[in-house]
Structure formats: structure tokens, C-alpha cells
Amino acid sequence: MNRTLRAAVIGLGSMGANHARVLADTPGVELVAVADPDAERVRKAVQGRPIPGFASPAALLAETRPDFVSVVVPTGLHEEVALACIEAGAHVLVEKPIAATLEAARRIAAAADRAGLLLTVGHIERFNPAVRELKRRLAEGQGGRVLQVRARRVGPFPHRIRDVGVIHDLGPHDIDIMRYLLDDDVERVYAESRSHIATGNEDLFAGMLRFRGGAMGLLDINWLTPTKERTLTVLCERGMFTVDYAAQVLCFYENYAAAAKEGVYASVTEGPMTRYPIQNREPLRVELEAFRDAILAGGPPPVPAADGIAALAIAEALVRSGETGLPVSLDEVATLP
């Protein structure tokens, strides 16, 4: 018989506040506590809810003993807080990127594995209904072989971000989606990056990913664009899929010539466009429901730690390429401490 899981949220910035909001009304889950060093954030999160708020993760874990915790603190604190949750016996959802360094990410994953607890990484775009429908259609072979995946994730500078650059903050979203859709690993990367706002980190970035199966990934990501855009294009032999992440819209533009000569990729001509019906849902809600179900079923986690580590390794390679101006092999970062 299913039981109600006791959930907590540590870190109440904009994303953490959303975790608290969703968990508070998720069936099969009881939000039992929140924590943040900012007293005003805590006050807002507990307002109208019969739950305690804490200034520290240690106090929350000791007094409330949650079954699982959403760790939504700054990236540099992921390891410390996630390890504390695991030591307290809680399953953990840690927001992306999984950690500040590959070494820290591996320590978190190893600790969860030793404790027999589920660790999932908050790669939220996997739970976007439009992306899930795209994954299904690609798996069925609708477009044929994938040639290129292009992501554009741009918008104004988020003043809440200071600890990482745009590659680590936004890049893992689309890096993970590309790996997820292609079911393939990255062989090498090349990037150009610039810093225009004085944070010490890059805020303008263009990157290229070469997948082992031959597909090409293109990333256009920055914090300098006055309008917000979150789009994905998947170019296949028989046509092109487009996704608007925010609007949850999926379309397919048919390559009429390829469709007319099944199995013969001889030419490209414009064909009909189809917009597929998508049942819109909040991706965060889908993600947290998936984690709830995984805990009750005993696993596996919705997004395994290995996928979070892979996305972080690719981001690290892109940062290095942006700094050196040279292509970087993923084998070069696989052994980074």
C-alpha cells in the first residue's frame, strides 16, 4: 500500500519556492519543512502552511526527518547539503548542475549508492510534455536518422546568479536534452565564450557538440538578450522537429522529397507542417511526481546521477574550450578531479 512521503525543501530562491509550492499540493506527499538562511524567504514559504521553517539544513534534518529533500541551494553548496541529507537517511533531488565539480558530483553519487538511497538530478526539461512527445516520436523513427540538434536559450541577465557562468547555469538543460533525445554520448566539444557583465564568469556562449553516433549539437546560450527564448530544433533525414519549451509546442516540418523516396536521402524540399496536440503540464510537477513514484517503487531515479555527471563533464569541457579556443575531447575531462 502506498504511503505518504514526508518532503522538505532546502534553499528558497525562486526555484526552491516553486518546489515548496508544488510539493505542498502533490498527492502522496506531505511538505513538512523548509530551510533557508534568509528569514524573509522562510517567512514567505511557510505563510499559510502549517509547517516549520529553519535557518539551517542541519536543524531541519534533525527535527523533521523527511523521506526526501529537494536541494535547491547555490551550486557551490550542493555537495555539503546533499551529503547531509543522505547521512540523515533522505532521498535527494539535487537541482542541476549536480555539483560545482566532477569530484563533488561523484562523492554525492557514491554516498547515495552506499546508503541505498535514490539520488536524482533536476534536469527539468526532460519532464516538459513537448519534449516527452518528441522523444517518443524520435524513438519510433518518425524523422529518420537525426543529423543535428540545435538549442537556443537566451534572455536577460538573472541578477540572482553569481556563483556560476551561463554554461553551467543554462547549458546543462540543453546538454542533457540532447543526450536524452539521441541516447548517445558526446565525443568532443568546441566553444566560444565571452564575459560582458562583470561577474567573473562567461555570459555569452556558442558551443558545438560532436556525438559518437555522428549527430551534431549546437548551443546558442546567453544572458544578454532582451527577449527570452527557449527553443529546440531537431533536424532529421525526413524533416525537422521544433520545440518551444515555454509554450510546450511541438511541430514537424516534413522534407517532402525524402518522404516521397523512403529510405533514399537524395534531396530536400519543403513539405507540410504539422503541429501536434500537447497536454500542457508544469514540468516541475511532472518531475516531482516522477521522483515520488520512483521512491515508492524503490527506483530507479527519474534522472540518474550518471546523467547529471555526464552533463557536468560536457559543461566543464565547454568552459575549457571557451578559455583555450581549442576543441576538447570528453576523454580529457573524464579523469578530472
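Reader: Which residues does Val234 touch, not counting residues up to four places away in sequence?
Author: This is a predicted model, where local features need pLDDT of at least 70 and side-chain atom pairs count only at pLDDT 80 or more, while totals for chains, interfaces and linings use all residues. Residues are numbered from 1 along each chain as its sequence is written, and side-chain values use heavy atoms, with hydrogens and water left out. Contact means heavy atoms within 4.5 Å. With neighbours up to four places away set aside, Val234 touches Leu134, Leu138, Val146, Gln148, Val149, Leu181, Gly239, Met240 and Phe241.

Reader: Which residues touch the most other members of the largest nonpolar core?
Author: A nonpolar core is a set of buried Ala, Val, Leu, Ile, Met, Phe, Trp, Tyr and Cys residues joined through side-chain atoms within 4.5 Å. Buried means under 20% relative accessible area, exposed means over 50%, and partly exposed lies in between (1.4 Å probe, protein chains only). The largest such core has 84 residues, and those touching the most other members are Leu232, Val234 and Leu318.

Reader: At what angle do helix H1 and helix H10 pack?
Author: Helix H1 covers residues 14-24, helix H10 covers residues 283-297, and their axes are 10 Å apart. Axes are lines fitted to C-alpha atoms, for helices over the stretch in contact, and angles run from 0 to 180 degrees between N-to-C directions. The angle is about 65°.

Reader: Is the crossing of H1 and H10 left-handed or right-handed?
Author: A crossing is left-handed if the near helix is turned anticlockwise from the far one by less than a right angle, and right-handed if clockwise. For H1 and H10, the crossing is right-handed.

Reader: Which residues in H10 do the H1 residues meet?
Author: On the H1 side are Met15, Asn18, His19, Arg21, Val22 and Leu23. Their partners in H10 are Leu284, Arg285 and Leu288.

Reader: How many nonpolar residues does this contact have?
Author: Ala, Val, Leu, Ile, Met, Phe, Trp, Tyr, Cys and Pro count as nonpolar, Asp, Glu, Lys and Arg as charged, and the others, Gly among them, as polar. The contact of H1 with H10 has two polar and two charged residues, and its nonpolar residues number five.

Reader: Which residues does Leu296 touch, not counting residues up to four places away in sequence?
Author: Leu296 is in helix H10. Leu296 counts as partly exposed because its relative accessibility is 31%. Beyond its sequence neighbours, Leu296 touches Asn2, Arg3 and Leu5.

Reader: What is omega for the cis peptide bond that joins Lys96 and Pro97?
Author: Pro97 is in the loop between strand S5 (91-95) and helix H5 (102-115). The bond joining Lys96 and Pro97 is cis, with omega about -10°.

Reader: And what is omega for the bond from Gly299 to Pro300?
Author: Pro300 sits in the loop between H10 and H11. The peptide bond from Gly299 to Pro300 is cis, with omega near 0°.

Reader: Is Asp183 buried or exposed?
Author: Asp183 is in the loop between helix H8 (171-182) and strand S8 (186-194). Asp183 has a positive phi of about 50° although it is not a glycine. Its relative accessible area is 67%, so Asp183 is exposed.

Reader: Is Gln248 buried or exposed?
Author: Gln248 lies in the loop between strand S12 (239-244) and strand S13 (249-255). Its phi is near 55°, a positive value in a residue other than glycine. Its relative accessible area is 9%, so Gln248 is buried.

Reader: How far apart in space are Arg132 and Tyr180, C-alpha to C-alpha?
Author: Arg132 is in helix H6 (residues 129-139). Leaving aside neighbours within four places in sequence, Arg132 is in contact with Arg126, Phe127, Tyr180 and Val286. Arg132 and Tyr180 are 48 residues apart in sequence, and in space their C-alpha separation is 10.0 Å.

How values were computed:
Helix = DSSP H or I, 4+ residues; strand = E, 2+ residues; numbered from the N terminus.
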